[in-house]
Amino acid sequence: QVRLVESGGGLVQPGGSLRLSCAASGSIFSINAMGWYRQAPGKERELVAAITSGHSTNYADSVKGRFTLSGDNAKNTVYLQMNSLKPEDTAIYYCNARVMYGPIASMSADYWGQGTQVTVSS
């Protein structure tokens with residue numbers, strides 16, 4: 001199976017920055033997409049940013065201009081640079097990967113990391 005290891009969360013003051021990383025390992029034929037979701041208390045999990053193997057990126061409107069997603073194909077890793085952080089960015093951030101585990105298109109599945117806490121507070 002596939003394992004996603006997340007790091008980089010923590011406590012930061014408003015206006016500060018953090019960089020999250022997510023590395024995928026295991027039974028990987030290829031990775032079609034990787035990205036980050038977040039979930040605040042009492043709210044549904046929402047997409048933050050995602051990148052495909054073709055380097056296309058999508059961002060939530062609330063983070064555009066502040067967050068930047070990048071990837072390293074050789075390391076099966078994505079990074080989320082978070083700048084100008086706001087209290088409303090506080091949430092558990094989850095890495096997600098859409099993984100091909102075999103050579104045909106139907107052999108794919110989504111995997112999730114355990115989450116890393118981001119807290120933006122004075």
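In this predicted model, strands β7 and β8 (residues 77-82) run antiparallel and are joined by six bridges.

R66 lies in the loop between β6 (57-59) and β7 (67-72). Its relative accessibility is 10%; R66 therefore counts as buried, the cut-off being under 20%. Beyond its neighbours within four places in sequence, R66 contacts Q81, M82, N83, S84, L85, K86 and D89.

The largest pocket has a volume of about 240 Å³. Its lining comprises 14 residues, of which I31, T52, S53, D72 and N73 are the closest to the centre. Two or more lining residues come from each of β4 (30-39), β5 (46-52), β7 and β8. β4 gives the most, with four residues. By class, the lining holds five nonpolar, eight polar and one charged residue.

The second largest pocket contains about 150 Å³ of space. Its lining includes A33, M34, G35 and Y37, together with L47, A50, I51 and T52. N58, N96, R98 and D110 also line this pocket. At least two lining residues come from each of β4, β5 and β9 (91-100). Here the division is six nonpolar, four polar and two charged.

Notes. Residues numbered from 1 in each chain as written. Predicted model: local features only at pLDDT ≥ 70, side-chain atom pairs only at ≥ 80, totals over all residues. Heavy atoms only, no water. Buried < 20%, exposed > 50% of the residue type's maximum accessible area, 1.4 Å probe, protein only. Contact = heavy atoms within 4.5 Å. Pairing = 2+ DSSP bridges. 1 Å grid on protein atoms, 1.4 Å probe; cavity = no way out; pocket = protein on both sides within 12 Å on 5 of 7 lines; lining within 4 Å. Points joined across faces, edges and corners; volume = space filled by probe spheres on them. Nonpolar A, V, L, I, M, F, W, Y, C, P; charged D, E, K, R; others polar.
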